[in-house]
Amino acid sequence: MKKIVFLTGAGMSVESGFKTFRGNDGLWENYPVEQVASHEGWEQDPTLVTNFYNMLRKKLYAAQPNEGHKIIAALEKEYNVTVITQNVDNLHEKAGSTHVIHLHGELTKVCSSREPYDPQYIEELGPDNSQVAPGTKAGDGSLLRPFIVFFGESVPMLEPAAREVEDADIFVVIGTSLNVYPAASLLYYTKPGTPTFLIDPNAVSTEARNITYIRKGASEGMKELAEMLPKL
Ligand code: OAD
């Protein structure tokens, strides 16, 4: 089976009702990124940060994967598929994708603020207990925090993601402005000659070579790509 690796960003979930981060009316316009998604912001005002992710989590449990997520999941019948996502939503999993690497954390989880990656303190929240009361403690007595990689923190899933990209026969980038590193550096890990596609309705600039651009939204773009794949 050929291996297809996807790298997805906020644009992947637009058709499921989520905003992107950058650009006009992006999420960071209304909620300054340094307040709600940086390590310093968390230290300064954990209540504000907890409430922000409570709001997003509630929205997530009411959202559904779109056609783009579903086509990616369906490709598992014919391909070895890995999804690397910068998104903290769980819409790829909800659509049926079974191998998803979350670079920037997961909205459905909360963790210790002292040891965010200690599995014994990571808790999964569901639609019935999606809201964390500010001040709630993790099992180790530190404040419970969203399982999100904040700006200013390391990205431990980058290495496993890079190994997947190196191994890809086909690489597909969807709905990311490629502004955020190290995630954007994954484009440079493909083997020479790997067919690479970039699906985005807007122009995205990258110095990576040999990219076929599909200037469409995630769902329409994935339909077009799915027709091209058997010919590759
Ligand atoms: P951005 O908001 O920077 O970029 C979103 C991209 O989605 C843009 O290139 C849009 O043109 C594109 N887009 C818009 N509508 C689309 C559609 N219907 N289908 C496909 N694409 C569409 O979001 P990211 O690149 O994902 O990090 O941002 C990267 C990281 O920055 C995020 O993971 C987040 C943020 O700060 C954290 O929260 C840690």
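1. The lining of the largest cavity consists of Thr-50, Asn-54, Arg-57, Val-110, Val-132, Leu-144, Arg-145 and Pro-146. A cavity is a set of points, on a 1 Å grid over the protein atoms alone, where a 1.4 Å probe fits but cannot get out; lining residues have an atom within 4 Å of a point.

2. The model is predicted: local features need pLDDT of at least 70 and side-chain atom pairs pLDDT 80 or more, while totals for chains, interfaces and linings use all residues. Residues are numbered from 1 along each chain as its sequence is written, and side-chain values use heavy atoms, with hydrogens and water left out.

3. The largest cavity has a volume of about 30 Å³, the volume being the space filled by probe spheres set on the points. Helix H4 (46-61) and strand S6 (144-148) each contribute at least two lining residues. By class, the lining comprises four nonpolar, two polar and two charged residues.

4. The ligand is surrounded by 23 residues, each with a heavy atom within 4 Å of it. The closest are Phe-21, Thr-176, Ser-177, Asp-200 and Asn-202. This shell divides into ten nonpolar, ten polar and three charged residues. Domain 1 (1-18 + 65-104 + 154-232) and domain 2 (21-62 + 107-148) each supply at least three of its residues.

5. Polar contacts (N or O pairs within 3.5 Å) involve oxygen atoms of the ligand: a backbone N or O atom of Ala-10 lies at 2.8 Å, a side-chain N or O atom of Trp-28 at 3.0 Å, and a polar side-chain atom of His-104 at 2.8 Å. The protein covers 91% of the 810 Å² of accessible area that the ligand has on its own (Shrake-Rupley method, 1.4 Å probe).

Notes
A polar contact is a pair of N or O atoms within 3.5 Å; within protein, one must be able to donate a hydrogen and the other to accept it, and residues adjacent in sequence count only if both atoms are side-chain atoms. Ala, Val, Leu, Ile, Met, Phe, Trp, Tyr, Cys and Pro count as nonpolar, Asp, Glu, Lys and Arg as charged, and the others, Gly among them, as polar. Domain bounds come from an automatic or database domain assignment. On a 1 Å grid over the protein atoms alone, a cavity is a set of points where a 1.4 Å probe fits but cannot get out, and a pocket is an open set with protein on both sides within 12 Å along at least five of seven lines; lining residues have an atom within 4 Å of a point. Helices (H or I, at least four residues) and strands (E, at least two) are DSSP runs, numbered from the N terminus.
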